[in-house]
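Q: I'm new to this structure and would like a close look at just one part of it. Please pick a spot and walk me through it, then carry on to whatever lies beyond.

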Amino acid sequence: MSRIHAFCKASIAPVRAEASDRSEMVTQLVFGELVEITEVADNWLKIHSFMDGYEGWIDSKQIQDLREKEVTRWLDGLVVEHSEFRIVEGPEGKQVLPKGFFRPSDSEEEFRIGKSTYRFLNEEDTKPSSLIDLALSYLNAPYLWGGKTMFGIDCSGFMQQIHRVFNYQLPRDASQQVEIGLEMDFEDREAGDLAFFISESGNIHHVGLLISKDEIIHAHGYVRIDHFGSNGITRKIDGVHSHKLHSIKRL
């Protein structure tokens, strides 16, 4: 196979369970995310993300090859963009990149990935002062299974993206994220802790971030703030108990 490593050149690219546009989207790649190509099926590529190890199938048109030395160069000094939007001009014209994409730490006006050069056309916003401030900037983003941007995001993708900006590398799924960090007693909870929730079948199926001892921000229908207590989440809008608490973790 001639292509082994590549980066996502689309603003957002769906990663699917199978090699078909009709297949379930299991996650997304964001611009600049590095992948290893492990399998080819017609115009589809099975990829393994360098960032969180997630695997799935992607349309080959949405990524671009990188040579081995370019991979090393691209991984050296990457940061996660925190601005709401950045507009860049690249080989295929102007492109709007959402918060959470990858770029070199020293890229102020332009940067290069492989053979492609990208130039910023708008100013960078001030970095959020805290994880909670960043989380609040996603309020009302619609829920999207497998999503990782303000255009559509799921609960674990939300937690993964905001923590990346502050150099915490979380796995992709809530069932994996629950294995990270120090478990806290409910009485010792603090703003900034992660809370995990369990389904009736006994699976970890949801995660959110405490913004105070009694409130949580999470992606449920949309990114929202709800009441948090020892029994889990109670929706502010209608008082319905929506999620049963499993554990609280501190990174």
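A: Two strands count as paired if DSSP finds at least two bridges between them, and the strands (E, at least two residues) and helices (H or I, at least four) are DSSP runs numbered from the N terminus. This is a predicted model, so local features need pLDDT of at least 70 and side-chain atom pairs pLDDT 80 or more, while totals for chains, interfaces and linings use all residues. Residues count from 1 along each chain as its sequence is written, and side-chain values use heavy atoms, without hydrogens or water.

Let's zoom in on β1, residues 5-8. His-5 and Phe-7 point one way from this strand, while Ala-6 and Cys-8 point the other way. All four are buried (under 20% relative accessible area; exposed is over 50%, partly exposed in between; 1.4 Å probe, protein chains only). Strand β1 runs antiparallel to β7 (residues 63-66), and four bridges join the two; Ala-6, for one, has Asp-65 as its bridge partner there. Strand β1 is also antiparallel to β4 (residues 34-41), with three bridges between them, and here Phe-7 is partnered with Leu-34.

His-5 and Leu-34 turn up again around Phe-50. That residue sits in the loop between β5 (44-49) and β6 (55-59), and because its relative accessibility is 34%, Phe-50 counts as partly exposed. Leaving out residues up to four places away in sequence, Phe-50 touches His-5, Leu-34, Val-35, Glu-36, Val-71 and Leu-75 (contact means heavy atoms within 4.5 Å). Take Glu-36: it is 14 residues from Phe-50 along the chain, and their C-alpha atoms are 7.1 Å apart.

Now for the nonpolar cores (buried Ala, Val, Leu, Ile, Met, Phe, Trp, Tyr and Cys joined through side-chain atoms within 4.5 Å). The largest one has 42 residues, and Phe-158, Ile-162 and Leu-209 touch the most other members. Several elements supply at least two residues each, including α1 (68-75), α3 (155-165) and β18 (204-212), and α3 gives the most, with five. Beyond four places in sequence, Phe-158 is in contact with Ala-135, Tyr-138, Ile-153, Ile-217, His-218, Ala-219 and Val-223.

Last stop, the salt bridges (a Lys or Arg side-chain nitrogen within 4 Å of an Asp or Glu carboxyl oxygen). The whole structure has 17 of them. In one, Lys-99 meets Glu-84 at 3.0 Å, N to O. Lys-99 is in the loop between β10 and β11 (102-104), and Glu-84 is 15 residues away in the loop between β8 (78-80) and β9 (85-90). Lys-99 is buried because its relative accessible area is 1%, whereas Glu-84, at 31%, is partly exposed.

Another bridge joins Asp-214 and Arg-189 at 3.1 Å, N to O. These two are 25 residues apart, Asp-214 in the loop between β18 and β19 and Arg-189 in the loop between β16 (182-184) and β17. Asp-214 is partly exposed at 45%, and Arg-189 is buried at 10%.

Lys-236 and Glu-215 make one too, with their closest N and O atoms 2.3 Å apart. Lys-236 lies in the loop between β21 (232-234) and β22 (241-250), and Glu-215 is in strand β19, 21 residues away. Elsewhere, salt bridges that share partners tie Glu-81, Arg-86, Arg-103 and Glu-124 into one network.
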